[in-house]
Amino acid sequence: MKAAILIQRWYRRYIARLEMRQRYTWNIFQSIEYAGEQDQLQLSSFFSFMLDNFTQLNLISHLLDPVVNPQTDRARLTNHEQIIVPESYNGPRLTFPLTVSQTDALLTAFKNQQQLHGRFVLQLLQETKKLLRQMPNVVYFSTPYAKEITICGDLHGRLDDLLLIFYKNGLPSAETPYVFNGDFVDRGKKSVEILILLFAYLLLYPDHMHLNRGNHEDHIMNLRYGFTKEVMQKYKTHGRDILKLIQEVFSLLPLATVIDNKVLVVHGGISDVTDLDFLRSIERHKVRTVMAKVCITAAVFKDCNMYFRRTIGIFVVDLLWSDPKSQPGCRPNTFRGGGCYFGPDVTRRLLEKHALSLLIRSHECKREGYELCHDGQVITIFSASNYYEEGSNRGAYIKLGQELVPRFFQYQVSHTTRKLTLMQRVRVGEGSAVRALQEKLFAHRSELMAAFQHYDTSNSGCISVSEWAVVVESVLRMDLPWRTLRPRLARLAPDGMVEYQSCFEDMGPGQPIPQVSPNFAETLYRYRTDLEIIFNIIDKDHSGQISTEEFRQTWRLFSAHLGVEVDNKAIDDLARTMDFNKDGSIDFNEFLEAFRVVHKLDSKDQQEC
Amino acid sequence: MAEDKDSAEAIVSEVHRKISEAFDVFDHEFNKTVDVREIGTIIRSLGCFPSEGELHDIIAEIEEEEPTGYICFEKFLPTMTTVLMERRFRPIPEDLLLQAFEVLDQQKKGHLEPEELTKYLTQEGEPFTPEEMEEMMSAALDPDRNVIFYKDFVSMMSVDNHR
């Protein structure tokens, strides 16, 4: 019947458009994620720049020092035991060695939004550190007879996903061994709880629970991506000590796991110099952070030259940051700023060299939670569902039995009881992707306006869609379907030309900003996250304050490094303004808040809900 | 005359860029190929309404002699350009769509029962798969009255499309 066909055709076209929107939303999120990691590269080169040129500055030289620890671990333990836990605390109280009833208590507590007391966190971390010290860089083990091993990927602080996995698959035990492949923290809001659970099960079942280090198990990444903030917010008294211990624990995490001498599990990937034998020999705990590549404890390598020090770092970086690509060969991973892109030939060669049959890695978000590539020799497994936005992707885990044939299990955490239609899911995801793009446009406003005006010879305020797309792509340097996105980002005049000013209409400063020139303000918006990280590093004791002098020095160095021209007087004035109580120090969180861009329609949206 | 030629070239070049953008969204390997199963989505997102049969014809035209499961951009571009320039498979005007629903609503109730709609769309014309039917039903069904008010449904979908 003709009517039926008509309806079917129309509906299919509608769904196709939705799928298209879903897909470019995904592209936007990935682009922004990788752009963030590129910023990280710039930051790390800034640290190198500072360290190479300004070693007399005490600002960040402590990154080079070993974590100053005059106390022995034993003394520390006694210290922890002396922390008094108030009677009113009704969360789990841990004693060591741990028992199953205690891990059960932890699960229940976290499901009920309770927090573990700082003392027990410290003790747990201390025990974990002791255990990890005994582990090799590459952990070899076998699948127990007639049992399967479960391999999970990135969790990124999503406790709901971990609980869902435990629910579907069973808690860790001798019957149900697990490998967690890194990136337990950052981005999600429950990184602390995840770490506590993973470490608790590690202590309980050290032979059946295996953790690999991911690129986010790194304190400089944690400064940018939220874990440091989460710890300081949840643990006001003991946060600093907890962070210090976590830093040590992270650097002690094994780098790779090999199952049955056949399956290599590592967080990022490999490169053409990866060699498991060499890997086994390095002192992994010396690689505290891979961000500033020279930040390896100087004390140990004082006899080695810089080149050698850098090489050790590179080995570890490659394992934690690389991505597989279909192009053969091995090239630097420019998107992320660390590690390589490795092709199927690199995979084949490594697997042959060590008589392996499969590489399982994580590190990249996949729509279905997993993906195969390199002729099935590489599996990507990702366990944080809804990573970018509600409905963006599934999570998955792998089960591997003795025949070493992987079985995949997918899931998706949902916070609504009613299933969202495709249309609703697309709207939600697209909404937040578009907002992120709007923020980027705003942060590059003056550059964009200059380029728009270059095309607008008649000064009409309008240019063609084509010209608009060309400008945006060249300034933001993001490879996205700008013409398709245009309706979301800019308005058309009645004659079909783009009113380019409308890109910036929906965004504005959150609070009244201090008196600064618009250009200076824009630079501050754009580099806000980087500044946050730098300030957090300078602020060794995490007090939230730095001296005005430190502020001035940092800003001058940073802008010199970026090649941004800033008026020195403007910096001085700003420093003076931000020092509200005139005591010579600045609360940099307040400073950063002042330069946070908000969406003007936010409060309106909330009223409509 | 030269001006006309320029503007014609400009139009074609814009069309090429639009097609290229849509294609790139599905080009996961960054090697200018897409999975043949995604061609339908790409074509429809560019504003065309081929039926399943017409879609198969297009695919047959642009596939390799030995189908590999992938469509490459060099073959896709000229065919798609023609389709767009000739305005083939034009969108369906809202009132025509409404008429189609009214034809199904023989008793002129103003709404359709879920069973009726499901029967038509999964048995007649180019039948929906169970997944397609379920997805449409979840969006179209009024949860309180358990019927489909097709007039509201059509306007709601049209608004979303024009954003």
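## A buried glutamate and its partner

At 6% relative accessibility, Glu193(A) counts as buried, where buried means under 20% relative accessible area, exposed means over 50%, and partly exposed covers what lies in between, with a 1.4 Å probe and protein chains only. The model is predicted, so local features need pLDDT of at least 70 and side-chain atom pairs count only at pLDDT 80 or more, while totals for chains, interfaces and linings use all residues. Residues are numbered from 1 along each chain as its sequence is written, chains are lettered from A and ligands numbered from 1 in the order in which they are written, and side-chain values use heavy atoms, with hydrogens and water left out.

Glu193(A) forms a salt bridge with Lys234(A), and the closest N and O atoms are 3.0 Å apart; a salt bridge is a side-chain nitrogen of Lys or Arg within 4 Å of a carboxyl oxygen of Asp or Glu. Because Glu193(A) lies in helix α6 (residues 191–204) of chain A and Lys234(A) in helix α8 (residues 227–234) of chain A, the pair ties together parts that are 41 residues apart in sequence. Helices (H or I, at least four residues) and strands (E, at least two) are DSSP runs, numbered from the N terminus. Lys234(A), at 22% relative accessibility, counts as partly exposed.

## Other salt bridges

Over all chains, the structure holds 25 salt bridges. In one of them, Arg407(A) pairs with Glu148(A), with the closest N and O atoms 2.9 Å apart. This pair links distant parts of the chain, 259 residues apart, since Arg407(A) is in strand β14 (residues 406–411) of chain A and Glu148(A) is in the loop between β1 (138–141) and β2 (149–152) of chain A. Arg407(A) is partly exposed, with a relative accessible area of 40%, and Glu148(A) is also partly exposed, with a relative accessible area of 24%.

Lys366(A) and Glu364(A) meet through their side chains in a salt bridge of 3.9 Å, N to O, and both residues are buried. These two residues belong to a network of salt bridges that links Asp323(A), Arg361(A), Glu364(A), Lys366(A) and Glu371(A).

## The interface of chains A and B

The contact between the chains takes 38 residues from chain A and 45 residues from chain B, with contact meaning heavy atoms within 4.5 Å. About 4200 Å² is buried between chain A and chain B, and carbon and sulfur atoms give 61% of this area; buried area is the accessible area (1.4 Å probe) that two parts lose on being put together, summed over both. Between chain A and chain B the count is 3 salt bridges, and the side chains of Glu14(B) and Arg483(A) meet in a salt bridge at 3.6 Å, N to O.

On the side of chain A that touches chain B, the elements giving two or more residues are α1 (2–53), α13 (422–443) and α16 (482–489) of chain A, and the largest share, 22 residues, comes from α1(A). α16(A) is mostly covered, with 6 of its 8 residues buried, and Arg483(A) is one of the buried residues in α16(A).

## Surroundings of Ser322(A)

Ser322(A) lies in the loop between α11 (306–321) and β7 (323–324) of chain A and is buried, with a relative accessible area of 0%. A polar atom of the side chain of Ser322(A) lies 2.7 Å from the backbone oxygen of Asp318(A). Leaving aside neighbours within four places in sequence, the residues in contact with Ser322(A) include Gly268(A), Gly269(A), Asn333(A), Arg361(A) and His363(A).

## Backbone details and overall fold

The peptide bond from Phe96(A) to Pro97(A) is cis, with omega near 5°, and Pro97(A) is placed in the loop between α2 (73–81) and α3 (100–111) of chain A. His156(A), a residue other than glycine, has a positive phi near 45°; at 1% relative accessibility, His156(A) counts as buried. Asp375(A), which is not a glycine, has a positive phi of about 60°, and at 77% relative accessibility Asp375(A) counts as exposed.

The secondary structure of chain A comes to 22 helices and 21 strands, and 57% of the 609 residues of chain A count as buried. Among contacts in chain A between residues at least 6 apart in sequence, 74% join residues at least 24 apart.

Technical notes
A polar contact is a pair of N or O atoms within 3.5 Å; within protein, one must be able to donate a hydrogen and the other to accept it, and residues adjacent in sequence count only if both atoms are side-chain atoms.
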